[in-house]
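Here's a quick briefing to read alongside the sequence and the model. Have a look at both, then work through the points below.

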Amino acid sequence: MTKLRVAALLATMALGVIRGATAQGAAKHESDAEIQKAILAIDNERYEAMQKRDMAAMDRLHADGLVFINTKGRMLNKAEYLEEIRSGNLKFLSVETDDYTFCIYGDTVIMSGRAKSVVEYHGVVNKRPRRFTSVFIRMQGQWRLVAHQATLIADE
Amino acid sequence: MAKNAGLMCRVLLLCAASFLLVCSLTAQVEQGDKPVLQTENEVLKVEQERDQALQQRDVAVLERIYSDQLVFVNTRGQKFTKAQRLADLGAGKVEYFSYNQEGYSYHVYGDTVVMTGRTSSVVKFQGRVNKIPRLFTNIYVKTGGLWRLAAHQATPIVDE
């Protein structure tokens, strides 16, 4: 009986190691197209969470070390950025993004794009097009936004 | 019976120790197996090398530091590839009159570093001189054993 228990324990641990290795292997074999699709899905989820002020989702989708630089050149950490959303100081009245490019470095993805979303920030509505860079890193299997910066496009 | 129990304890302890060792090794791999401060110093050194190369228009050094997939967004919201950026620098279309960067902060995620800072460098590009203080984000990624700039974006600070 004892031997059976030890064998069962060893088998469970071995299975865990194999599962871990398989998960890593699967991640390595993901195509760029699959990664891009996953990032776009996460980014859409992020915009939905912002519009609905779903703070639990916002907390999950943003890394604790988030660095967020807005079009005014103001840098916010995760707590500050989430508070702007929660308080309603930052509202997305519409979401429109295009012209994406993706650069994939393993579990790091740099997504660049253009946004024409209408945003209200501290009572001021901003409709001007802007160029953004978002950086996502996969942590414990979950993609999270670690950095975002937006800059107004001067000539549009 | 007591002998079997002792044997089982030893086997369990061995298993637990092995499991902890595997967990520890996995954690080290996730952290890049290196102290964060050492990584920050390595990235700062590359950043300083880039600063010098920009001022001296040393395209060969920038060719090495810039990732082939570089995404570069300037303060006017214009996006450039590595080839475009190096061509502009090589042709003298980017001219630095002074160079000043400060207030660096780092977030280290293994082989990716998010570096932010503030610059008030005076630079001429496309006939315009830019003196406005700006915040920037540099994303450094370690590839082939070297830290390379994978993305740069700058945004003017409007309230100053």
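Two strands pair if DSSP finds at least two bridges between them. Helices (H or I, at least four residues) and strands (E, at least two) are themselves DSSP runs, numbered from the N terminus. With that in hand, take the hairpin of E8(B) and E9(B): it has two residues between the strands, and Gly144(B) takes a positive phi near 60 degrees there.

A word on ground rules: this is a predicted model, so local features need pLDDT of at least 70, side-chain atom pairs count only at pLDDT 80 or more, and totals for chains, interfaces and linings use all residues. Residues are numbered from 1 along each chain as its sequence is written, while chains are lettered from A and ligands numbered from 1 in the order in which they are written.

**The two chains at a glance**

- Chain A has four helices and nine strands, running α-α-α-β-β-α-β-β-β-β-β-β-β from the N terminus on.
- Chain B also comes to four helices and nine strands, and its pattern along the sequence reads α-α-α-β-β-α-β-β-β-β-β-β-β.
- In chain A, 27% of the 156 residues count as buried; a residue is buried if 20 or more other C-beta atoms lie within 10 Å of its own, exposed if 12 or fewer, and partly exposed in between, with C-beta atoms placed from the backbone.
- For chain B, buried residues make up 25% of the 160 residues.
- Now for contacts, meaning two residues whose C-beta atoms, placed from the backbone, lie within 7 Å: of those in chain A with a separation of 6 or more, 49% are between residues 24 or more positions apart.
- In chain B, 52% of the contacts between residues at least 6 apart in sequence join residues at least 24 apart.

- Chain A averages a pLDDT of 87, and 81% of the residues score at least 70; pLDDT is the predictor's confidence in each residue, from 0 to 100.
- Watch residues 14–26 of chain A, where pLDDT stays under 50 and the model has one contact beyond four places in sequence.
- Where pLDDT is low, the predicted coordinates should not be read in detail.

**The sheet in chain A**

- Six strands of chain A make an open sheet in the order E2-E1-E9-E8-E5-E4, with mixed pairing.
- Strand E2 (75–76) and E4 of chain A sit at the edges with a single partner strand each, so one side of each has no neighbour in the sheet.
- E8(A) and E9(A) pair antiparallel over 10 bridges, and Val135(A) stands opposite Ala147(A) in E9(A).
- Helix H4 (residues 78–87) of chain A lies across E1 and E2 of chain A, at about 75 degrees to E1(A); axes are lines fitted to C-alpha atoms, for helices over the stretch in contact, and angles run from 0 to 180 degrees between N-to-C directions.

**Strand E8 of chain B**

- Eight of the 10 residues of strand E8 (residues 134–143) of chain B are buried, so it is largely enclosed by the rest of the structure.
- Strand E5 (residues 112–119) of chain B runs antiparallel to E8(B), joined by eight bridges; Met115(B) has Asn138(B) as its bridge partner in E8(B).
- Strand E9 (residues 146–156) of chain B is also antiparallel to E8(B), with 10 bridges, and Thr137(B) has Gln153(B) as its bridge partner in E9(B).

**Where the chains meet**

- 33 residues of chain A are in contact with 33 residues of chain B.
- Helix H1 (2–28), strand E1 (62–69), E4, strand E5 (108–115), strand E8 (130–139) and strand E9 (142–152) of chain A each supply at least two residues of the side that touches chain B.
- That side of chain A divides into 19 nonpolar, 10 polar and four charged residues (Ala, Val, Leu, Ile, Met, Phe, Trp, Tyr, Cys and Pro count as nonpolar, Asp, Glu, Lys and Arg as charged, and the others, Gly among them, as polar).
- A nonpolar core is a set of buried Ala, Val, Leu, Ile, Met, Phe, Trp, Tyr and Cys residues joined through C-beta atoms within 7 Å.
- Of the 45 residues in the largest such core, Ile110(A), Phe136(A), Val146(A), Ile139(B), Tyr140(B) and Ala150(B) touch the most other members.
- Leaving out residues up to four places away in sequence, Ile110(A) touches Cys103(A), Thr133(A), Val135(A), Val71(B), Ile139(B), Ala150(B) and Ala151(B).

**Positive phi outside glycine**

- Asp99(A), which is not a glycine, has a positive phi near 55 degrees; Asp99(A) lies in strand E4 (residues 97–105) of chain A and is exposed, with 11 other C-beta atoms within 10 Å.
- Arg57(B) has a positive phi of about 50 degrees, and its place is in the loop between helix H2 (36–56) and helix H3 (59–65) of chain B. Arg57(B) is partly exposed, with 15 other C-beta atoms within 10 Å.
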